[in-house]
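Subject: Structure handover and notes

Hello,

Please find the structure below. My notes on what was found in it follow.

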Amino acid sequence: MAGRKVRDSAGAALEGLLFDGMTIMAGGFGLCGIPENLIAAIREAGVKDLTVVSNNCGVDDFGLGVLLAGGQIRKMISSYVGENKLFEQLYLSGELELEFNPQGTLAERIRAGGAGIPAFFTKTGVGTLVAEGKEVREFDGELYVMERGLRADLSIVKAWKGDTEGNLIYRKTARNFNPMMATAGKTCVAEVEALVDIGGLDPDQIHTPGIFVDRILQGDHFEKRIERVTTRPRATAAAGEDV
């Protein structure tokens, strides 16, 4: 499928964009909507000393967890780390820096960065460790803490569908962090499950306009793992009843 933004593989999509010490925003929520192919390509490239902005850091053997295991991440800017034992170990041992954020604050910091807003004030975190070292100001009799907007050298996002100009549609929970991250990177690379020609998407359904996306690829494999499988026990049928 032709198109100046289209690349044949994750490695080709990241060509010339990766360097040691860079900041990367990685979309997704838990393991939902993560750019699996692009993360694998970053692992293969071997870049290190990365600062990664993401809601969490995958699990021990999947998602961003593979970059942790490879020693490529120096600092995480996150809101949730509960499913990754290696993350915990590296942080407690001092091998990994962590900038911890309330989840809504993290989302707004990313949105603000993409909108060109350098800082904003929020009530979340006032009077807690979150506010330490930050400016606190009073507005209308209430205290607010200042948070800085976030930008990155590269944003990697994952969408359900995209066209050759980079217009993207996300599906359900995958819409949590991907759309704002697409706006907050100096360069944005998107991987999609289905890549269509221009005109193949309903304009009213587009979540990220193609102006924000620099390169796009169709992923060739998505595992879509589940972080924690929880099921209800099957009810035992009474004698003679169908289940």
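Helices (H or I, at least four residues) and strands (E, at least two) are DSSP runs here, and their numbers count from the N terminus. The model is predicted, so local features need pLDDT of at least 70 and side-chain atom pairs count only at pLDDT 80 or more, while totals for chains, interfaces and linings use all residues. Residues are numbered from 1 along each chain as its sequence is written, and side-chain values use heavy atoms, with hydrogens and water left out.

Overall fold

The protein chain has six helices and 11 strands. Its C-alpha atoms fill a box of roughly 65 × 60 × 40 Å along the principal axes. The radius of gyration, taken over C-alpha atoms, is compared with a globule rule of 2.2 Å times the number of residues to the power 0.38. For 243 residues, a compact globule would have a value near 18 Å; the protein chain has 20 Å, which agrees.

Of the 243 residues, 44% count as buried (buried is under 20% relative accessible area, exposed over 50%, partly exposed in between, with a 1.4 Å probe and protein chains only). A contact means heavy atoms within 4.5 Å. Among contacts between residues at least 6 apart in sequence, 73% join residues at least 24 apart.

E36

E36 is found in helix 2 (residues 36–45). At 12% relative accessibility, E36 counts as buried. Leaving aside residues up to four places away in sequence, E36 touches F62, E191, H221, F222, E223 and K224. From E36 to L64 is 28 residues in sequence and 8.7 Å in space, C-alpha to C-alpha.

Pocket and cavity

Both come from a 1 Å grid over the protein atoms alone: a cavity is a set of points where a 1.4 Å probe fits but cannot get out, a pocket is an open set with protein on both sides within 12 Å along at least five of seven lines, and lining residues have an atom within 4 Å of a point. Grid points are joined across faces, edges and corners, and a volume is the space filled by probe spheres set on the points.

The largest pocket has a volume of about 270 Å³. It is lined by 17 residues, of which C32, G33, K158, E193 and K224 are the closest to its centre. Strand 8 (residues 152–163) gives the largest share of this lining, three residues. By class, the pocket lining has eight nonpolar, two polar and seven charged residues (Ala, Val, Leu, Ile, Met, Phe, Trp, Tyr, Cys and Pro count as nonpolar, Asp, Glu, Lys and Arg as charged, and the others, Gly among them, as polar).

The count of cavities of 30 Å³ or more comes to one. The largest cavity holds about 40 Å³ of space. Its lining includes A26, I34, N56 and L64, and divides into five nonpolar, six polar and no charged residues.

Backbone details

Most residues other than glycine have a negative phi. D140, not a glycine, has a positive phi of about 50 degrees. D140 lies in the loop between strand 6 (136–139) and strand 7 (142–148) and is exposed, with a relative accessible area of 82%. K172 has a positive phi near 55 degrees. K172 sits in the loop between strand 9 (168–169) and helix 6 (178–184), and at 65% relative accessibility it counts as exposed. Just after helix 4, G94 takes a positive phi of about 85 degrees.

Regards
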